[in-house]
Amino acid sequence: MRPLIAGNWKMNLLRRQGADLAAAVARGLRGTDAGVDVTLFPPFPAVAAVVEAVADSEITVGGQDLHAEDAGAHTGAISGPMLLDMGATRVLVGHSERRQEFGESDEVVNLKLKAALRHDILPVLCVGDTHDEREAGQTEAVVERQVRTGLEGVVTGRAAEITVAYEPVWAIGTGVTATPDEAAAVHARIHALLQELWGQAAESVRVLYGGSVTPGNAADLLTRPGIEGALVGGASLDARDFCAIVRAACA
Ligand code: PEP
């Protein structure tokens, strides 16, 4: 399966800075074996500029969130049609920062994921356990609940459009990474769950790892079975680091 390396820029960079970073990533990957999919997730105001900056490359661009409705009285929100209008083709749903800072429930995440599919935007469903949940031995139960509810009502025929990202909350932005063994165990559980939901169609679903991925640890993680790419936060803000992670996935 082709790995997917995705950069989540979060609430960083102005339009010009975003376009410059995207252009540097495109330059850095020129000539790199095209065996890896690469997506950048800039903040909304920079999406169109980043789409333009990577137009001559294979890099795709996504939004960091979307509203479940297409339009209406939802001050401050961005809809699927608005993302499409800016040239985005993927979207993150259920990132732990959205769940924690904005109180998004599994049910809301599911509505957002279905809104993305309604507009043929490829959703990346983010799931992950907190430090306390991990300490209490609840990792698998939490991730299972988030995956089951997040994917509720998604028919088998749409399975190929879904990506899942396992991002332990305790590893996001902390410099602490799950060990390759820890990550691989959760990925195996997620793959088994997807198989249960969609049978053979689940084989085309990539499960990414996210949480303090760097050029130094990427290869160890990405060579594990069941880890089909990475969602990269901090290191995606540095073109050289991000390109090195992409190259680790090529290898
Ligand atoms: C993220 O927020 O999706 C993420 C993985 O961040 P970081 O790589 O900085 O831990």
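Q: What makes a residue buried, exposed or partly exposed?
A: A residue is buried when its relative accessible area is under 20%, exposed when it is over 50%, and partly exposed in between (1.4 Å probe, protein chains only). In this chain, buried residues make up 51% of the 251 residues. This is a predicted model: local features need pLDDT of at least 70, side-chain atom pairs count only at pLDDT 80 or more, and totals for chains, interfaces and linings use all residues. Residues are numbered from 1 along each chain as its sequence is written, and side-chain values use heavy atoms, with hydrogens and water left out.

Q: How do you know that the radius of gyration of the chain agrees with that of a compact globule?
A: The radius is taken over C-alpha atoms, and the globule rule is 2.2 Å times the number of residues to the power 0.38. For 251 residues a compact globule would have a radius near 18 Å; the chain has 17 Å, which agrees.

Q: Why is the pair Arg-2 and Asp-37 called a salt bridge?
A: A salt bridge is a side-chain nitrogen of Lys or Arg within 4 Å of a carboxyl oxygen of Asp or Glu. The N to O distance for Arg-2 and Asp-37 is 2.8 Å, so the pair qualifies. Arg-2 lies in the segment before β1 and Asp-37 in strand β2 (residues 37–41), so the pair ties together parts that are 35 residues apart in sequence.

Q: What makes Asp-70 and Arg-118 a salt bridge?
A: Their side chains meet at 3.0 Å, N to O, so the pair passes the cut-off. Asp-70, with a relative accessible area of 33%, is partly exposed. Arg-118 is also partly exposed, at 47%.

Q: How do you know that Glu-144 forms a salt bridge with Arg-189?
A: The closest N and O atoms are 2.9 Å apart. The pair links distant parts of the chain, with Glu-144 in helix α7 (residues 139–150) and Arg-189 in helix α8 (residues 180–198), 45 residues apart. Glu-144 and Arg-189 also belong to a network of salt bridges that includes Glu-140, Arg-148 and Glu-196.

Definitions and conventions: Helices (H or I, at least four residues) and strands (E, at least two) are DSSP runs, numbered from the N terminus.
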